[in-house]
Amino acid sequence: QVQLVESGGGLVQAGGSLRLSCAASGRTFSMLLMGWFRQAPGKEREFLASIRGSGSSIVYTDSVKGRFTISRDNAKNTVYLQMNSLKPEDTAAYYCAARTLLNSEYLYWGQGTQVTVSS
């Protein structure tokens, strides 16, 4: 089992920045592929970014490329999502998730943290 706890959400004005954190426990963190997702009211959950255990092989969805940066600190069992140039359409609940390379689906999810971007 893996437990994930997100933090860092909040209210920010358009153009501002936030850094989300996701602390993991319960399994060797460096063996986990970590991802960030978001879900806005009435919309489907959207993949944002992922990063492999070594910190290599980073993937972003097009809508956040150049604005969001995923990173991880394996010594702290934490993955981050730095969000810059935020837009009102970035308003959503943000979730981190984890999976192993043997699984195609994310098996472990955090409880989410709300990000609200005002115009």
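In which sense do strand 7 and strand 8 pair, and over how many bridges? The notes below start with that pair and then move to the sheet, the core, the disulfide and the salt bridges.

1. Basis. This is a predicted model, in which local features need pLDDT of at least 70, side-chain atom pairs count only at pLDDT 80 or more, and totals for chains, interfaces and linings use all residues. Residues are numbered from 1 along each chain as its sequence is written, and side-chain values use heavy atoms, with hydrogens and water left out.

2. The strand pair. Strand 7 and strand 8 pair in the antiparallel sense, over 6 bridges. Strands here are DSSP runs of E, at least two residues long, numbered from the N terminus; two strands pair if DSSP finds at least two bridges between them. Within the pair, Asp73 is set opposite Thr78 of strand 8.

3. An open sheet is formed by 4 strands in the order 1-3-8-7, with antiparallel pairing. Strand 1 (3-7) and strand 7 are its edges; each has a single partner strand, so one side of each has no neighbour in the sheet. On average, neighbouring strands of this sheet are turned by 15 degrees against each other, direction ignored. For such angles, axes are lines fitted to C-alpha atoms (for helices, over the stretch in contact), and values run from 0 to 180 degrees between N-to-C directions.

4. The core. The largest nonpolar core has 29 residues, and those touching the most other members are Leu4, Met34, Trp36, Leu81, Met83 and Tyr94. A nonpolar core is a set of buried Ala, Val, Leu, Ile, Met, Phe, Trp, Tyr and Cys residues joined through side-chain atoms within 4.5 Å. Buried means under 20% relative accessible area, exposed over 50%, and partly exposed in between (1.4 Å probe, protein chains only). At least two residues of this core come from each of strand 3 (18-25), strand 4 (33-39), strand 5 (46-51), strand 7, strand 8, strand 9 and strand 11 (113-118). In soluble globular proteins, nonpolar side chains tend to be buried together.

5. The disulfide. The whole structure contains 1 disulfide, a term that covers a pair of cysteine sulfur atoms within 2.5 Å. Cys22 is joined to Cys96, with an S to S distance of 1.9 Å. The link of Cys22 and Cys96 is right-handed, with 45 degrees about the S-S bond. Because Cys22 lies in strand 3 and Cys96 in strand 9, the pair ties together parts that are 74 residues apart in sequence. Cys22 is buried at 0% relative accessibility, and Cys96 is buried with a relative accessible area of 0%.

6. Salt bridges. There are 4 salt bridges, each defined as a side-chain nitrogen of Lys or Arg within 4 Å of a carboxyl oxygen of Asp or Glu. One of them joins Asp62 and Lys65, whose closest N and O atoms are 3.2 Å apart. Asp62 is exposed at 62% relative accessibility, whereas Lys65 is partly exposed at 49%.

7. Asp90 and Arg67 form a salt bridge with closest N and O atoms 2.7 Å apart. Asp90 lies in the loop between strand 8 (78-83) and strand 9 (92-99), and Arg67 in the loop between strand 6 (59-60) and strand 7 (68-73), so the pair ties together parts 23 residues apart in sequence. Asp90 is buried at 1% relative accessibility, and Arg67 is buried at 11%. Through shared partners, salt bridges join Arg38, Glu46, Arg67 and Asp90 into one network. Within that group, Glu46 and Arg38 meet at 2.8 Å, N to O. Arg38 is buried at 7%, while Glu46 is partly exposed at 26%.
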